[in-house]
Amino acid sequence: MSEAAREAKRALRRDLRARLAAVAPEEARAATERLAALLLAQAETRGASVLAAYAAMPGELDCAPYLEARQAAGAALYLPRVVGRESLAFHRVEDLGGLEPLGPFGIREPDADAPLLDAGALRLVLVPGLAFTARGARLGRGRGYYDRFLAGLPPECLRVGVAYDWQVLDDLPTEAHDARLDALATPTRWMTRPTA
């Protein structure tokens, strides 16, 4: 990727971070409720017994109502902790409301002593990002944590991006190491990546 392309990627990240920071609380609440209803209506996301997700940062679309519903149905939920400068470790979470510790980026994290995820058992992962395309491309925050995590998952694990509708773009700059997603969920749409 050329330096001009990298700068374009950095500028896009800045713009999208600013737009996420400007999401009004009422818009966020309404979008969260619609997202939960959409995810609970999809066969692919309704039945996973082992799932990984994220604790929303300020401005990010929150999956909590969906996650709480899946936990109430007996699903095992895992959320990430940042480990060093390179990776994420996903730990079991019993109570989403009990996430107190803050990680290095101000993100609520599970307890480090909670059981670790066996990635081979994972069937669904909900992935945050700054922007996505319907073809499975994702623009993260630039540190590569999710790209590395997704690369190690079994092929039967469904990788689903979660975004506001305005975060779905026609095209994104991508690099060889950027992980592709299988589907995308917004408050109004479920999009499966074309296989051809």
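1. Basis of the model. The structure is a predicted model, in which local features need pLDDT of at least 70, side-chain atom pairs count only at pLDDT 80 or more, and totals for chains, interfaces and linings use all residues. Residues are numbered from 1 along each chain as its sequence is written, and side-chain values use heavy atoms, with hydrogens and water left out.

2. The sheet. Seven strands make up an open sheet of mixed pairing, in the order E3-E2-E1-E4-E7-E8-E9. At its edges stand strand E3 (87-93) and strand E9 (190-192), each of which pairs on one side only. Neighbouring strands of this sheet are turned against each other by 25° on average, direction ignored. Helices (H or I, at least four residues) and strands (E, at least two) are DSSP runs numbered from the N terminus, and two strands pair if DSSP finds at least two bridges between them. Axes are lines fitted to C-alpha atoms, for helices over the stretch in contact, and angles run from 0 to 180 degrees between N-to-C directions.

3. Parallel pairings. Strand E1 (residues 50-52) pairs with E2 in the parallel sense over three bridges, and Val50 has Ala76 as its bridge partner in E2. On the other pairing listed for E1, strand E4 (residues 124-127) is parallel to E1 over two bridges. There, Leu51 has Leu124 as its bridge partner, and Ala52 stands opposite Val125. E4 and E7 are likewise paired in the parallel sense, over four bridges; Leu124 is partnered by Leu158, and Val127 stands opposite Gly161. E7 and E8 pair in the parallel sense over three bridges, with Val162 opposite Ala185 in E8.

4. Cover of the strands. In a regular strand the side chains alternate between the two faces of the sheet. E4 is covered on both faces: Leu124 and Leu126 on one side, and Val125 and Val127 on the other, are all buried. Here buried means under 20% relative accessible area, exposed over 50%, and partly exposed in between (1.4 Å probe, protein chains only). In E7, four of the five residues are buried, and in E2, six of the eight. Helix H2 (residues 25-41) lies across E4, strand E7 (158-162), strand E8 (183-185) and E9, and runs at about 140° to E8.

5. The largest pocket. The volume of the largest pocket is about 590 Å³. It is lined by 29 residues, of which Arg138, Arg141, Arg143, Tyr145 and Tyr146 lie nearest its centre. Helix H1 (3-21), E2, strand E6 (138-139) and helix H5 (145-151) are the elements that give two or more residues to this lining, and H5 gives the most, with four. The lining has 13 nonpolar, five polar and 11 charged residues, where Ala, Val, Leu, Ile, Met, Phe, Trp, Tyr, Cys and Pro count as nonpolar, Asp, Glu, Lys and Arg as charged, and the others, Gly among them, as polar. On a 1 Å grid over the protein atoms alone, a pocket is an open set of points where a 1.4 Å probe fits, with protein on both sides within 12 Å along at least five of seven lines, and lining residues have an atom within 4 Å of a point. Grid points are joined across faces, edges and corners, and a volume is the space filled by probe spheres set on the points.

6. Pro80. This residue belongs to strand E2 (residues 76-83) and is buried, at a relative accessible area of 11%. Not counting residues up to four places away in sequence, Pro80 touches Ala53, Tyr54, Leu88, Ala89, Phe90, Glu109, Pro110 and Tyr146; contact means heavy atoms within 4.5 Å. The C-alpha atoms of Pro80 and Ser2, 78 residues apart along the chain, are 32 Å from each other.

7. Leu20. Helix H1 contains Leu20, which counts as buried at 3% relative accessibility. Leu20 and Leu130 are 110 residues apart along the chain, with their C-alpha atoms separated by 8.3 Å. With residues up to four places away in sequence not counted, Leu20 touches Gly59, Glu60, Leu130, Arg141, Tyr164, Trp166 and Gln167.
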